[in-house]
Amino acid sequence: MTQSFRLPEGGVIDRGRRLGFRFDGRDYMGCAGDTLASALLANGVHLTGRSFKYHRPRGILSAGAEEPNALIQLGEGARCEPNLRATQIELFDGLIARSQNRWPSLDFDIGALNNRMSRLLPSGFYYKTFMWPASFWMKYEFIIRHSAGLGQAPEGRDPDRYDKTFAHCDVLVVGAGPSGLAAALAAGRGGARVILAEQDALLGGSLWSGNGETIDGAPARDWIEAARRELEAMAEVTILTRTLAYGYFDHNFVALVERVTDHLGGVAGKQPRQRLWKLRAKQVVLATGAIERPLVFAGNDRPGIMLADACRTYVNRFAVQPGKRAVVFTNNESGHLAALDMAAAGIDVAAIADLREDPMGPASERTEAAGLRVIPGSAVVGTKGERRVKQVRIARLNPDGTQALAAGENLDCDVLAMSGGWNPSLHLFSQSRGKVRFDSGLGCFVPGASAQAERSAGSCNGVFGLNDCLAQGFNAGKQAAQDAGIKAGSKGGAAPQAGNGDFLPARWIWEVPSGKPAGRAGKAFVDFQNDVTANDLKLALREGYESIEHVKRYTTTGMGTDQGKTSNVNAIGIVAQTQGREIPDVGVTTFRPPYTPVTFGVFAGRDVDDLLDPVRKTPIHDWHERAGAAFEDVGQWKRPWYFPQAGETMHQAVNREVKAARESAGIMDATTLGKIDIQGRDSAEFLNRVYTNAWTKLAVGRCRYGLMLNEAGMVIDDGVTARLGEFHYLMTTTSGNAAPVLAHLEEYLQTEWPDLDVHLTSVTDQFATVTISGPKARALLADVAGDMDLGSQALPHMGVGDGRVAGIAARIARISFTGEMSYEINVPASCGLALWQALMTAGAKYAIVPYGTEAMHVLRAEKGFIIVGQETDGSVTPIDLGMDWIVSKKKTDFIGKRSLTRPDIIKPDRKQLVGLLTGDPKEVLPEGAHLVEGAVGQPPVPMLGHVTSSYESPNLGRSIALAMIKGGRDRMGQSLQAPLADGRTIACTVTGPVFLDPEGTRLND
Amino acid sequence: MLVIPCPHCGPRCEIEFSYGGQAHIARPQDPAAADDATWADYVFMRDNTKGVFLERWVHSHGCRQWFNVARHTVTYEILASYETGAAPPNLDLESQA
Amino acid sequence: MIEKYLRQSPLAHMGLGARSGDDTAKAEVRLAERPFFGFVNLRGPGADPAFLGAFKAASGYALPTEAGTSGGGGNTTALWLGPKEWAILDTRGDPDAGPRMADELRTALADFRVAVTDVSESRACIRISGPKARATLQKGCPLDLHPQAFRPGHCAHTRLAKATALIHLNGNDSAPEEAIFDVYTVRSFGEYVWLWLEDAGREYGVTARLS
C-alpha cells in the first residue's frame, strides 16, 4: 500500500529512509521519524481498535500520551507488549503490531453486539448484573475477562535486559517543549547540574506541531537545534530523550523510565531495553505541557474524529493528511489553527463549527481572511460512518447553548477535528501533593500551592502564549538553579522572545446538546477508553453517587490505561452542570503514578537470575560442588544439603552420613554460623541481659549455650558463646539470623544501655568453620593438631582453645550439636579450603564422611535439640520448649523475662515441645501435619498442634518426630492422630523429645 | 522514598536505614515491679499519630547508629533528627498536627 | 601460617584471570580483585581528645572525625565509618597485616574503651576504575557519586545493589586523577558484587584483571 496521505514535503521525517511494518497482518510502509500512528494515517488507516465495553470501532484520537483508543499489541511471542499507544510507538523497520480488543478481526468483531445491547449495559453494569448468585462469580469472571481483555501477556520469558540507576541533580526539568528548553538553558547556564527529561524522541515538544512560529527571530526549529547544541555542550547537563517522568514521590524523588533501545526494535546489543532512573532532584521544573480536550457530542467517537491539535501535529510534524475533507468543531481558537494548517496542507476544510457566538481572536481572523467557512454559535450534533466518519450534522444552538435549533446541515467529511480547550498536564504536580485549583477563565485546573521543591512553567501552569511560556520557563530554570544553591553566573542571558498566540477566548459547554431526546441521539462519549457516556454519568448521579470519586469508580470514567487524560475534566464539567454546582465544588479525582503504564521488566531491572538475590558461598563451597553436593538455601547462604554418591538417593545419602557421624567421623562445613565478636569490660553483664541464663561465672576458655528472647518472651535465637578473654567473647548465632541478632543486640546496646562498655562486631565471614563429629573425631584431630593437648582436662566438653590444625592458626571449640564428641575448628576464611582438604586427607583412615544440613538435622533431632525457626515460629517461649533449665531464676532481669509471667504465657494449654513416635516405625510424618485427638469426625476438629521436625532415624531404626502440642507435656503416652491431605490418618504416640542418649554419655569420655 | 538526615552522616537515602518505631518509649527500670497492664503497654502498644511523630531509625547500611526523627506522618516532611538519648527538639507539635 | 599459595582470596574461585571480558583498550570499566589486605575495625570514643591523641601518637596521623573522610600515614589508611568506628587499612597485599595491625592498636589504645577487631579475612575488595566507574557504581548506590559530591579520599558505608558496601575513592583532592574506587564488602557478598558490577558495566565494556 502506498502512503497516499503523505504530503510531498515538510515534516520531520526522513523520506529517504522507508520502513516496512505490519499491522493486523497487512504490510505497510512508513518513514523514519514516524510514529506507528502517523505511519498508519499516512496509509489512510484510522481504525485501530475496538472500544472496551461496546466494541465500537475506534480510531486514532491524538498524537501523544493521552491516546485512549489506539492501543496496540507490539511485537510477538516473548518480546511483545500490550496496551502501547500507537501515537507514541516510534516506527522501526520490521515492526509488527496488532490491534486489541477485537475478535475475530478488527473489521468484523463479534463483541460489537454489545453496542446493539448497550441499553443493557449501563454504568455499574457489572455490579448490578453479577451480584448473585455468588457461586457464579467465577463463571462471570471468566467471560468478562475473556471479552474485555486489553491485550495479551507475552508468551515466554522476557528476552530483554533492563537497567536501573540512581541519579542526582540540582534541577530536573520535565518536558523539553519551549518552556522546558528555556528552563534547562537558564539553569544550565547558571552552572547547575541539570537533567532534562523528554518523553518524545525529539526536543521541542509542541513547537513541532505548530507552523511558522519564530523564536528570537529564527524559525522555531532552528531555535530548538541551537538550544540542543548549547545544552549538549554543557558538561553538567544531561539530556534524556525517550524518557518519561512517570511518578513524583516524597522528598523530590522522581522516577523516570528511559526507553533506551525500544525504537531500534529489539536490537539492543549491550544496551538495556529500558532504564529506570531513580532521581533525587534538589529542584524540579515541571514543563509537562497541556493536553487538548475533546468535545462531548453525539457520535463523537467514530474513527476520523480527532483532536484538532493532533491534526496539526500529523500535518506539520509528520507530513500526513489525516483526511482529504475536514470539518472542524471547536469552542476556542485552537480549532482555527488546525483548519488553517490543514487547508495549507491541501485538505479541503468544509466548515468550522464554532460554539462561540462571535468567534474572535488571532486565528479566527486568519480563517476569516483565508475565506474558510465559519459557522458561529453552532455545534456538531450528530455523525455518521461505521468504520470512519463520513458525515457530520451541524446545527445552530440557542443563545445559552442548551439546545440545538432546527435540524441543521449535513456535511460530508472524512476527518473531524475537535477542540474543547486545554488541560494542563498536572499529573506530576498533583503527585507531588501540590493542590490544584480551577481557573474558570481558562476552563481548566491549574497548579495551586506547591508542596515540594518544584515549580510549574508554561502550559502545564496555565500559560498558553509561546512568549509567556518561554519567559516563564526561563525564569523557572533560573530560580530553580538559585534555589538549588547555585550562585548565579554572569552568562545567564535573557529569555527567548516569540509571538504570543493563545487559544482563548473560548466558550465552555461541557455537554453539547444533540437536538434529540436523551437516548435517541448517538452516544456522547466522555471517556473513550472505558466507553463512558454523558448519560452514564447522569445515571450515576441519579442513582445517588454524588462524590466525583464515587462517580469515577461507579462509571469507570478516568480509569484504564489512559487514566482519563482526555476525559476527567469533561466528566467533572458534566457532573457540575448536572448537579448545578461550580466545578471547584465538585473537585478533582486523584492523579496517581504512573503517568503512562510502565513495564514490569524495568522494575525488576537487573535483579534477575544470578543477581536476583546475593548468593553467599563459604570458602569451601568449590570442594562441595566438586563432591557433587546438593545445596540448600539457608538465608542467602548455599549450604551442602547432602553429598550423594553415585547411584544414591537423598534418603540413602543422608542415612549414610548420619550413621558415619555416630559410628566413625563426620565432617561438616559450619562456616555460615553467625559470629559476633564481643569486647568490653561489661561484656558478661551484657550477655546476662540478652540471654536467659547466667554468664558471670563462665571461665575463660569455656563455652556456654544461650537462648535469646525478645521482649515479648519469645525465642528468637540460640547458640554457643565462648569466653576468649577476660573482656572478650565470641557469640555464635543461627546461620539465617546473624544480621537480625546483631541488629537486635546493637539496638539494646545503643538505645537502652549506652553506659555499658561493650562493642559488637560481626565476624561471621572472618572464619571458616569446620565441625568434625563422631567417636573418631578426637583421634583425627590429634593427628593434625599434634601440639595441642586434646585431653578432657585441657579441652573438656564446652571448652575452647587456640592451636594449629594442619599448620593453620585455629580456634577449637569442643561443642556438639549432634550429641557426639565434636570439635568446631575456626580458621581464617582464606585457609578454610586448605583446612577442609587436610582434614579429609587425614580423616581417610577414620572413614570420614562429609555430611550436610539434612544429616545435621536428623542428628540433632535424635537428641531433641531444637532449631530456631523450625521448632519455633516467633510465638514459642523457653517454657513451651521445656527449656526452663536455661532460664535463670536468680537474674532479676533479662530481655523477655517479665513477659514469661504474663497470663497468656503461663496458660497450661500452650503448645509444648514433645516427641512423636508413629505406630508404624517406617511411617514418617510430614512436617507441618496437624494433630488431633481420637477419631477424625466431621469438621471442625480441634487442632492440638503440628509436627515441626520429622525424619527417619537410621541410628534408631525408625521414624522420629518433634511436635508442638497443646499441653503436650501432660500427654506423654497419649495416642494422637495426624490426618493427612491424602485422606490417610497416621496414629502416633506422644513421648519426650530426646530419642537418643538422654544422659549425654557420648559427649564425654 | 525519603531523604533521612542522619545526625552523623548527613542526608541519606531511606534505603540505607531501618525503621525502629516510636521513640522515647522507656524500658521500665524494674520490669519485675511492673504489673501486667503496664508491661503489656510497654511491649505492645504504640501511638498511631496523625501529625508530627517522634520515631526511631537506625542507619543500618551506614554508620549503624540509632537516632530519632521528627516526621510528619501526613506530609512525610522530616522536621528534625537528633541523637538517641537527646531530648526532642522544641517543635510546636500542636500546630503541625 | 600455611603457605600463601594455599590461601584463597575471596574471589579466587571465580577464575578472574580467565574473565578477561571486553577488549581492554575499549573497555570503559576496569574491575580487579584486591586479594589480600589488612582491615581492622576500630571502635572507640571518637569525641575523646585523649583517645584521638593516643591513636595519633601510635600511628603518626589523626583519625578522621568528619563523616565520610579518610586519613592516612605510613602504611595505613583510616576510613571514617561512624562517630565511634573506623576501618584501618593496610593495602600493600600482606595477608598477615590484619593480626599485626590489630595487636599494635590494641597495645597502643589499651587505656581506652575500645574494641580492636581484625576483620581482614571477612572482607572482599573490588577495585573499579575507568571512565564509566562512577556511572556503573551509581546504578546500585544511592549516594551522589558526582565528582563534586564524592571527592578523592572520601569514603562511605552504603548500599550497593543488594549488598552493604564500603566505598573508598582513592587519591586526594590535590591529585584527582581518574577515579579509582575500592569497594569493600563482606567476603561472601564479594561474588555477588563482582557479578553485579560486571553486569552493570556491560554496556560500557568491562575488563577484568587479577589485581
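Where in chain A does Thr561(A) lie? Thr561(A) sits in the loop that links helix H13 (548-555) to helix H14 (568-579); helices are DSSP runs of H or I, at least four residues, numbered from the N terminus. This is a predicted model: local features need pLDDT of at least 70, side-chain atom pairs count only at pLDDT 80 or more, and totals for chains, interfaces and linings use all residues. Residues are numbered from 1 along each chain as its sequence is written, and side-chain values use heavy atoms, without hydrogens and water.

**Thr561(A)**
- Thr561(A) is buried, with a relative accessible area of 17% (buried means under 20%, 1.4 Å probe, protein chains only).
- Beyond its neighbours within four places in sequence, Thr561(A) is in contact with residues including Leu71(A), Leu150(A) and Pro597(A) (contact means heavy atoms within 4.5 Å).
- Asp341(A) is 220 residues from Thr561(A) in sequence and 31 Å away in space, C-alpha to C-alpha.

**Chains B and C: the area**
- Chain B gives 11 residues to the contact, and chain C gives 15 residues.
- Together the two chains bury about 1100 Å², 52% of it on carbon and sulfur atoms (buried area is the accessible area, 1.4 Å probe, that two parts lose on being put together, summed over both).
- In chain B, Ile15(B), His61(B) and Arg64(B) lose the most area to chain C, together 43% of what that side buries.

**Chains B and C: the salt bridge**
- The count between chain B and chain C is one salt bridge (a side-chain nitrogen of Lys or Arg within 4 Å of a carboxyl oxygen of Asp or Glu).
- Arg64(B) and Glu85(C) meet in a salt bridge through their side chains, at 3.3 Å, N to O.

Note on methods. Chains are lettered from A and ligands numbered from 1 in the order in which they are written. Helices (H or I, at least four residues) and strands (E, at least two) are DSSP runs, numbered from the N terminus. Buried means under 20% relative accessible area, exposed over 50%, partly exposed in between (1.4 Å probe, protein chains only).
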